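Try each task yourself before you read the solution under it.

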Amino acid sequence: MPYLRNFALFSFFFLGLISAYAQNTFEANYDESKVQPYTLPDVLKTAANQKVQNKTTWETVRRPEIIRLFEENVYGQMPKSYDRLTYSVKNTNASAMAGKATLKEVLIEVVHNSKPVKINLVLFVPKKPQKPVPGFLLINNRGKDNTDPTRAHKSDFWPAEMVIDSGYAVAAFHVSDLAPDDTSRYVNGVLQLYPEQLTANNGMRAIGAWAWGASRVLDYFEKDADIDAKKVAVVGHSRGGKASLWAAAEDKRFAMCITNCSGNTGAALSRRRFGETIRRINTVFPHWFTRNYKKFNDNEDALPVDQHMLIAAIAPRPLYATNASKDLWADPRGTFLALKNAENAYGLYGLKSNLPAESPGINQPIVNSQMGYHNREGEHDLTAYDWSNFLKFARVHFRK
Ligand code: GTR
């Protein structure tokens with residue numbers, strides 16, 4: 001009997017340990033009063049402890065430092081060259097969307113080290129006499145049916161008709177062309193071209209590969225006379241929104257960045273540990289970020305960056321971030337605070353963000369501002385409401 005009792009006690013203790021471990025590891029905090037005090041790294045202080053006072057020091061010293069820190073610790077190195085980029089238009093329809101647009105399905109092939117990666121781009125260009133036109137490029141992390149070129153299937157995730165009606169081009173590619181979103185198959189794409197990334201502790205993984213892909217599409221846009229490549233917004237939702245931020249930070253040619261419900265290691269501050277945490281994201285999605293990033297599991301304060309610095313690296317270009325009221329996992333308040341803490345970088349360019357001191361209420365978009373924001377009523381998603389505000393934001397900024 002004592003043996004049984006000891007066994008029961010032991011099991012009780014052991015199960016308790018496991019559940020405490022699970023709680024510590026994965027149970028998310030959704031209680032604002034439990035957010036522990038934290039100190040964010042100073043956007044405007046260089047590694048040599050120099051205060052950045054003007055945009056020259058920002059552009060030549062601090063911004064490159066910030067990009068390097070994100071490469072080293074979070075998203076990984078970004079390959080700087082490739083051997084060849086070619087493209088072919090596989091299909092066109094000059095009277096798409098009841099004659100409102102031209103469809104182009106473009107196959108972009110990038111070759112490096114004799115290995116190819118193929119990006120399938122779906123592009124609609126509005127039928128209007130003034131060309132080139134500004135455009136929106138979605139990094140599609142959901143089903144390919146969301147970007148159906150035939151328009152037999154329509155989806156608010158990519159409401160192409162709405163964008164065309166506003167006079168902009170609209171394009172999308174699927175993340176699986178660059179790196180399948182899977183813990184083992186992610187290597188079957190861009191990483192075949194740059195195998196050194198796989199062995200490096202700061203090698204890029206899937207999110208880096210998707211951002212790299214967005215830049216290759218921009219390389220193509222520069223050759224397409226219909227598109228004003230100097231006015232392209234890169235758009236992403238959630239994991240795609242992490243990639244749209246990284247693409248815009250790495251590639252200054254993106255004129256605008258839109259990051260929808262991007263949450264942890266997207267637009268939300270990691271140090272708040274509200275909703276998803278670094279440990280959770282590295283554990284469930286080990287194929288998204290560098291090996292180095294794993295050092296910061298339960299160790300956010302040791303990170304030399306936080307996500308406000310990624311937003312700062314996009315300055316002075318317009319950036320729009322969103323959340324959804326029921327998507328606490330992506331930390332709406334932490335996203336708003338990241339934007340607020342990036343204001344000083346925009347300030348170096350004399351740009352005011354016009355964001356209020358505190359998060360605006362639900363469904364109160366702020367578009368007349370270099371950094372825009374809304375918290376939509378509802379769930380984690382990319383919806384027609386979100387897009388309608390991206391279009392308003394573009395109307396303000398692409399007109400300039
Ligand atoms: C979740 C993940 C988030 C976000 C989301 C999505 O499972 O924890 O970071 O990326 O998926 O992409 O919808």
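**Exercise 1.** Which residue in β6 does glycine 135 stand opposite?

You're looking at a predicted model, where local features need pLDDT of at least 70, side-chain atom pairs count only at pLDDT 80 or more, and totals for chains, interfaces and linings use all residues. Residues are numbered from 1 along each chain as its sequence is written, and side-chain values use heavy atoms, with hydrogens and water left out.

*Solution.* Start with the elements: helices (H or I, at least four residues) and strands (E, at least two) are DSSP runs, numbered from the N terminus. Next, find β4 (residues 133-140) and β6 (residues 227-237). These two pair in the parallel sense over six bridges; pairing takes at least two DSSP bridges between the strands. Now look across from glycine 135: the residue facing it in β6 is valine 232.

**Exercise 2.** Work out the strand order of the open sheet and name its edge strands.

*Solution.* Walk across the nine strands and you get β1-β2-β3-β5-β4-β6-β7-β8-β9, with mixed pairing. The edges are β1 (84-95) and β9 (371-376), each of which pairs on one side only. On average, neighbouring strands are turned by 20 degrees against each other, direction ignored. Then see what lies on the sheet: α7 touches β1, β2, β3, β4, β5 and β6, and its direction makes about 60 degrees with that of β3. (Axes are lines fitted to C-alpha atoms, for helices over the stretch in contact; angles run from 0 to 180 degrees between N-to-C directions.)

**Exercise 3.** Find which residues of the largest nonpolar core touch the most other members.

*Solution.* A nonpolar core is a set of buried Ala, Val, Leu, Ile, Met, Phe, Trp, Tyr and Cys residues joined through side-chain atoms within 4.5 Å. Now zoom in on tryptophan 210: beyond four places in sequence, its contacts (heavy atoms within 4.5 Å) include Ile139, Phe173, Arg239 and Trp288.

**Exercise 4.** What is the geometry of the phenylalanine 136 and tyrosine 168 ring pair?

*Solution.* Rings of Phe, Tyr and Trp (its six-membered ring) pair if their centres lie within 6.5 Å; planes under 30 degrees apart count as stacked, over 60 as edge-to-face and the rest as tilted. Here the centres are 5.5 Å apart and the planes at 75 degrees, so the pair is edge-to-face. The partners sit 32 residues apart, phenylalanine 136 in β4 and tyrosine 168 in the loop between α4 (160-165) and β5 (169-174). Both are buried.

Terms used
Buried < 20%, exposed > 50% of the residue type's maximum accessible area, 1.4 Å probe, protein only.
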